[in-house]
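Q: Please walk me through this structure by asking what each term rests on, and setting each value against its definition.

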Amino acid sequence: MAILKMDKAVIYGLHANRKSILEELHKREIIDVSEVLGEDFVRKETGKSISQFENILRLSEQALEILGEYVPEKSGLFSSRKTLGVKKYNMNSTQSNQVYKTARNIVDISDKIRESFENIRTIETKQAALAAYTGLDAPLNVTGTESTSVKAGLLYGLWTEERIKSLLAENELDKVYFEILSASKEYTSLWFVFAKSHEQNMRSFLLDLGFSEPLVTSHHLTEKKIKLLNEEIKKIKAQTEVYETEIKELCERRRDIELLCDHMRLRIEKYQVLGMMGMTEHTFTAQGYIPKEYSSQIKELLESKYSAFVELSEPDNPEDAPVALRNNSFSAPVEEIVATYSMPSGVDIDPTPIVAFFYYLFFGMMFGDAGYGLMVMAACGYLGFSSYLEKKKRKNYQMFFYCGVSTTLWGLMYGSFFGDIIDVIPQTFFGVEYSLKPLLLNPVESSLFLLIFSVSIGLVHVLIGLSIKFYMLIRQKKIVDAVLDIGLWGLVLLSVAMLGLGMGIAGAAVPEVSTPPLLKAISYLGLNLKEMGADSVLSAIGMYGAIIGGVGLVITGGRKSPSIPGKVIGGVVGLYDITGYVSDSLSYCRLMALGLASGVIGNVVNLLGSMGGASVVGVIMLLLVGAVGHLLNFAINMLGAYVHTNRLQYVEFFSKFYEGGGRKYTPFSMDTKYYVFSED
């Protein structure tokens with residue numbers, strides 16, 4: 001439940017042991033490697049090798065994509081990598097070259113298939129261009145005889161013989177022979193024969209009409225050319241089928257190509273680390289950060305097994321050390337939520353345990369339905385705690401399992417189980433009045449109390465954030481800043497809370513008979529405190545505490561300003577921050593709003609589903625409407641609870657104390673995609 005302490009490790013070894021040490025560290029996944037600096041060291045140039053490995057990796061991934069197109073494999077959100085022993089990870093150059101040739105062959109065949117399809121499209125384009133001239137009994141490449149010229153082509157739109165004759169007559173081109181080969185609304189194809197003496201006039205005439213000559217010509221008759229092109233398409237398709245069969249047969253090498261991809265990833269990682277090492281003529285130096293609890297073990301292993309020397313020391317600058325978190329099974333699933341915002345800096349504490357408690361609390365309040373909570377618990381409990389998924393993939397599901405537990409508990413507090421389905425079914429089908437009694441309150445009937453309760457929890461959340469900031473300043477020996485900047489604000493907010501609590505006790509009344517048990521207990525507690533006079537005491541303490549805190553903020557708020565006017569103005573302006581704290585506290589109204597929305601929408605779904613009454617149709621209607629409606633309600637409100645829970649942590653809570661900016665601990669590890677490393 002803290003930030004792990006790191007040791008800086010500097011490893012000195014002989015070149016003969018460099019590869020073995022590097023592989024040992026790779027398998028151990030324990031050291032966060034950093035670059036070795038110094039004029040006495042030379043650095044191995046690894047960029048060219050890394051680029052070569054990346055090219056092999058890209059081509060291999062491309063080959064796998066191609067295989068996936070022809071012989072798809074089942075994969076999805078819950079798929080896991082295959083397990084492989086360590087000895088098979090290290091492919092020798094002969095094996096990797098053979099697999100690379102296979103991958104290259106797959107890509108080449110795929111290129112040929114793509115080229116074949118492009119050729120077919122080109123041929124079909126030619127056929128479409130020739131289709132307009134199928135009625136012509138002369139080849140399209142014929143341009144004329146010794147004394148005549150021949151032109152074939154298209155005019156856009158529908159043309160008639162009378163119209164063309166009329167235009168030829170108007171242009172004194174009456175000694176021209178033509179045929180309309182085909183006609184449609186889109187185009188009309190024609191064939192003209194005319195004396196070569198009319199060549200110039202005919203060119204101008206056809207140009208004015210928008211005449212376009214054939215895009216494709218041939219020495220064959222058009223119909224024969226189209227048949228020849230069809231034969232060519234058949235040959236290409238037959239060859240394409242052969243190519244596709246070859247690719248399908250190569251699917252048996254899929255596992256080898258996947259292994260090659262992972263092998264290249266490992267080599268890229270190793271060469272990146274190799275490029276950060278310092279070299280001399282006979283030795284090498286590597287350095288990085290190891291969690292203190294493991295550093296002695298690594299030192300003993302390397303020194304005894306490889307005759308290396310490992311120097312351990314405290315980091316020169318704690319800000320340079322990476323940050324790793326260690327929490328119990330309840331808090332650890334929320335570490336990624338913290339890391340997504342930012343890792344703790346050198347002055348921060350690990351906020352994960354507190355974040356985890358409030359994360360589960362807020363999520364449950366906003367989702368607030370026992371039926372939905374049980375669904376989340378069942379699915380995420382299996383995925384998060386069984387061996388179905390890899391260990392690294394389980395944390396998110398573990399987090400949502402605890403969110404489901406909280407949702408179930410708050411659903412019971414609100415008396416909501418798939419809305420009011422437990423009330424609707426007995427009443428609709430059996431005529432029996434039954435109700436799932438809430439343990440705390442009915443959000444619809446007691447929405448004002450739920451609103452006050454939500455804001456109160458928000459105020460506690462904000463005060464905890466300020467308390468952490470107070471502790472951090474004390475730890476940094478900034479006692480004055482802690483007391484005057486944080487302590488006084490804490491006094492003001494606590495005093496306001498006590499003032500509100502006193503007013504709430506003063507307004508306590510005898511609860512109704514139907515009041516839920518927990519809310520009834522709170523009401524009687526308020527009555528007892530009221531009889532003891534606690535309301536006036538709390539109100540007085542709250543009022544005077546708020547005055548003292550406010551005056552203190554005005555007096556000390558501008559103390560860092562060099563001028564007297566600046567000190568006065570700074571204190572008064574600083575008090576204006578109360579609006580920020582008020583708005584932050586009011587942000588927690590969303591706990592009430594989303595919790596109310598989940599239940600109300602669920603009730604509406606049940607109301608619509610029960611409109612069919614106690615009949616076969618009614619049962620079917622309830623099942624269909626209920627299933628679809630509750631599924632949509634589940635999806636929408638779970639997403640809303642997730643988003644707004646994150647917002648309350650990031651915006652309202654972290655802003656009070658959290659600086660962040662730390663570098664995440666990323667050890668040199670076996671980062672693979674298809675296979676998982678195993679010692680067996």
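Q: What makes strand E8 (residues 278–279) and E9 a pair?
A: Strands count as paired if DSSP finds at least two bridges between them, and E8 and E9 are joined in the antiparallel sense over two bridges, with Phe 284 in E9 as the bridge partner of Met 279. A hairpin of three residues leads from E8 to E9. Strands here are DSSP runs (E, at least two residues), as helices are (H or I, at least four), numbered from the N terminus. The model is a predicted one, in which local features need pLDDT of at least 70 and side-chain atom pairs count only at pLDDT 80 or more, while totals for chains, interfaces and linings use all residues. Residues are numbered from 1 along each chain as its sequence is written, and side-chain values use heavy atoms, with hydrogens and water left out.

Q: Which other strands pair with E9?
A: Strand E2 (residues 6–14) pairs with E9 in the antiparallel sense over nine bridges, where Tyr 12 has Thr 285 as its bridge partner in E9. Strand E3 (residues 32–34) is also antiparallel to E9, over three bridges, and Ser 34 stands opposite Gln 287.

Q: What class does Tyr 382 fall into, and which residues does Tyr 382 touch?
A: Tyr 382 has a relative accessible area of 48%, so it is partly exposed. Its place is in helix H12 (residues 370–385), and Tyr 382 touches Met 377 and Tyr 388, again leaving out residues up to four places away in sequence.

Q: How do you know that the length of helix H15 (residues 447–475) agrees with its number of residues?
A: The expected span of a helix is 1.5 Å times one less than its number of residues. For the 29 residues of H15 this gives 42 Å, and the end C-alpha atoms are 42 Å apart, so the two values agree.

Q: What makes the phi of Lys 477 worth a remark?
A: Most residues other than glycine have a negative phi. Lys 477, which is not a glycine, has a positive phi near 65°. Lys 477 is located in the loop between H15 and H16, and with a relative accessible area of 72% it is exposed.

Q: Where is Phe 418, and what is its phi?
A: Phe 418 lies in the loop between helix H13 (395–414) and helix H14 (421–430), and its phi is positive, about 50°, although Phe 418 is not a glycine.

Q: Which helix contains Met 543, and why is Met 543 called partly exposed?
A: Met 543 sits in helix H18, and its relative accessible area of 39% is the reason why it is called partly exposed.

Note on methods
Buried means under 20% relative accessible area, exposed over 50%, partly exposed in between (1.4 Å probe, protein chains only). Contact means heavy atoms within 4.5 Å.
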